[in-house]
Amino acid sequence: MKMKELNRKKDIVCLILSYPPMNTANKERHKNWVQDVLKINRSVCQVVENFSSQRNMSVLELYSEITALLEHSLDDIEAYVLPMTIKKMCEKILEVDLSFLVVDVEQLYSESTSQEVKMNAEPKRHDEKLHNLAVDFAIRQILQDIENPEVLRIRILGRDGRRVTSAVKYLPQKQKMFSIIIQVDASLCLNIRAIEENIAAHLGFSTWEGCRLLLENTSFLIFLDDIHEGIDLYEVGSIWLNSKNIQKIVCTTTYEEVYRRMAVDLEIRLEDHLLSWELFCLNAGKIVHSKGFQHTSTDVVGKCSGHLLAVVLMARALKMVSGAIIWDSASCILGLSHRVDQMKDRVLCNALTFVMGHLGSAKECVKCSAFHLGREGINKIHLIMEWIGLALVSTLDEGENIVQDLINAFLFEGSQDGCSVRMQDEIREVLVYMFRLEINTHFLLLGGRELSKAPNEGAWKEASEIHLMNNKLSELPKSPNCPHLYTLYLQKNSRLRDIPPLFFLHMPMLQILDLSYTKIRSLPQSLFGLVQLQRLFLRGCELFMELPSEIGKLRPCLVGRKFSVFSIQTFRKQGKRV
């Protein structure tokens, strides 16, 4: 029982370590612990296989080591994932609240057919989005853990396990790592011999012996889909696995109670990868289940890309926020692109951009703290007195309220005795980077302000990044002089119908342009002179009638770069010319 508990804890730690920011920081201590668990796991399996009179004595000798490994501290992980959530994951799969997916039967009969379809479709889309996220995160985990030389056998548990193995099979980086990659349907294989014969057939062998000799002397990755619950996974490959080569066996199953759970080195439960959604729900509250917010809340979690710190920050910032436009703005900001050389952590940077944009006067207090707080933190009263000295707050009470607000926002951590506060390293580093960037470059951040008029041309001159999305703009300046502008966001200005002919004439450095979800009908000639342009977004531009032939002028400078315009197929389906 203790070994089963230890293995489950190990699986949870491996899962969390595959999520940012844990996959880039503080990993070494946990990685060494995982290696120790894998080694003792194999020792236990060998003892169980040995039916001599010494077996009980061997188990007793291992018991103290197992107990010590169970005491492994998860303090740094618990800074992002609450201990109660980890405990619940260790005891069983996440009990994610999907109660809002249940539709009132009486209401179904009382509503029209079209409303009935709409009510059923929205929960299904939401549920499917969550499962897609779980699959994506499971793929990311297996790509990371398959690099571990001690992990030879992996089991994926859940209904979409085959989607994971199929995706990993065709990834170029894995094809370079292994000489042989095959995917075998093991659903009809009732014993190990049948599995081996199936593998041999996939590799073109008429007998198993010739296939075994090949596998013993090469690197391989074998996927066994829908493996039967009675198969002893410890025996699969036990004869032909060779430590001199990189050899991995990954099986999928929908059965939780597979024979000899300890027989695999790692179990990945797809339900566990609902972790980011669980964290968001815990921190944002019931608002995520409110009518009209289910779709957007899933978008926000998806755009956090599993970044646990960003998930918590966004959830805290959106807690009790009932304005749909703010939620849309949050989703939009999380998806913003940046120049690669400027962004160390794009997702966290975008999350903090949104959070800071809704702090009001407290933003200056955060800026001061980011530059002056040490890793060990500071006495809360001393910090407030420093704010008072800088005229950021007027009274001690005002400072106390701001400190508490920042703790609630997850920007600060309070000590257990409540006397001191600190800022997490990842948050402080990104904030300092952002604030220094603001000093050296000019950001014009006016997204989501419901502006009906664009800033005057003078405000554009020194800007390197301009945010004007989610406003009510109907006109733009005729020809603003923007010699340093790299990024321009104009999406979701539903009243914007025309772009002045010379608008882009003086934007020689522009690399990212988003005109999505506007009412524009065409692109001005000045756009085709943007030789530095890397990304052009025109999603949801329903009135856009024709893709100009001049777009070809941009193609040479886009070779080898990520470039998104819009779906040509969408235009064809709508009968529009392209």
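Start by selecting Arg-428. Arg-428 counts as buried because its relative accessibility is 13%; buried means under 20% relative accessible area, exposed means over 50%, and partly exposed lies in between (1.4 Å probe, protein chains only). Arg-428 sits in helix α19, residues 425-440. Helices (H or I, at least four residues) and strands (E, at least two) are DSSP runs, numbered from the N terminus. Now show the neighbours of Arg-428. Leaving aside residues up to four places away in sequence, Arg-428 touches Ala-370, Leu-373, Gly-374, Arg-375 and Met-423. A contact means heavy atoms within 4.5 Å.

A word on the model before you move on. This is a predicted model, in which local features need pLDDT of at least 70 and side-chain atom pairs count only at pLDDT 80 or more, while totals for chains, interfaces and linings use all residues. Residues are numbered from 1 along each chain as its sequence is written, and side-chain values use heavy atoms, with hydrogens and water left out.

**The whole protein**

Zoom out. How many helices and strands does the protein have? There are 21 helices and 13 strands. Of the 578 residues, 49% are buried. Take the contacts between residues at least 6 apart in sequence: 66% of them join residues at least 24 apart.

**Helix α7**

Select residues 161-169, which form helix α7. Its buried residues are Gly-161, Val-164, Thr-165, Val-168 and Lys-169. They lie on the same side of α7, because they cover an arc of only 130° around the axis. The arc is that of the directions from the helix axis to the C-beta atoms.

**The nonpolar cores**

Next, select Ile-16, Phe-280, Met-314, Trp-387, Leu-411 and Leu-431. In the largest nonpolar core, with 116 residues, these touch the most other members. Helix α13 (residues 308-318) gives the most to this core, with 9 residues. A second, separate core has 33 residues, including Cys-482, Ile-499, Phe-503 and Leu-530. A nonpolar core is a set of buried Ala, Val, Leu, Ile, Met, Phe, Trp, Tyr and Cys residues joined through side-chain atoms within 4.5 Å.

Stay on Ile-16. Not counting residues up to four places away in sequence, Ile-16 touches Met-22, Ile-77, Val-81, Ile-86, Leu-275 and Leu-308.

Select residues 463-467, strand β10. Is this strand mostly covered or mostly open? Mostly covered: 5 of its 5 residues are buried. Strand β9 (residues 442-445) pairs with β10 in the parallel sense over 4 bridges. Two strands pair if DSSP finds at least two bridges between them. Find Leu-444: its bridge partner in β10 is Ile-466. Strand β11 (residues 487-489) also pairs with β10 in the parallel sense, over 3 bridges. There, Glu-465 stands opposite Thr-487 in β11.

Follow the loop between β10 and β11 to Ser-479. Ser-479 and Phe-504 are 25 residues apart in sequence, yet 6.8 Å apart in space, C-alpha to C-alpha. The side chain of Ser-479 reaches the backbone oxygen of Leu-502 at 3.1 Å.

**A sheet of three strands**

Last stop. What is the strand order in the open sheet of 3 strands? The order is β6-β8-β7, with antiparallel pairing. The edge strands are β6 (378-379) and β7 (413-414), each pairing on one side only. Between β7 and β8 (residues 420-422) there are 2 bridges. Select Gly-414 to finish: it stands opposite Val-421 in β8.

Definitions and conventions:
Polar contact = N/O pair within 3.5 Å; in protein donor to acceptor, adjacent residues only side chain to side chain.
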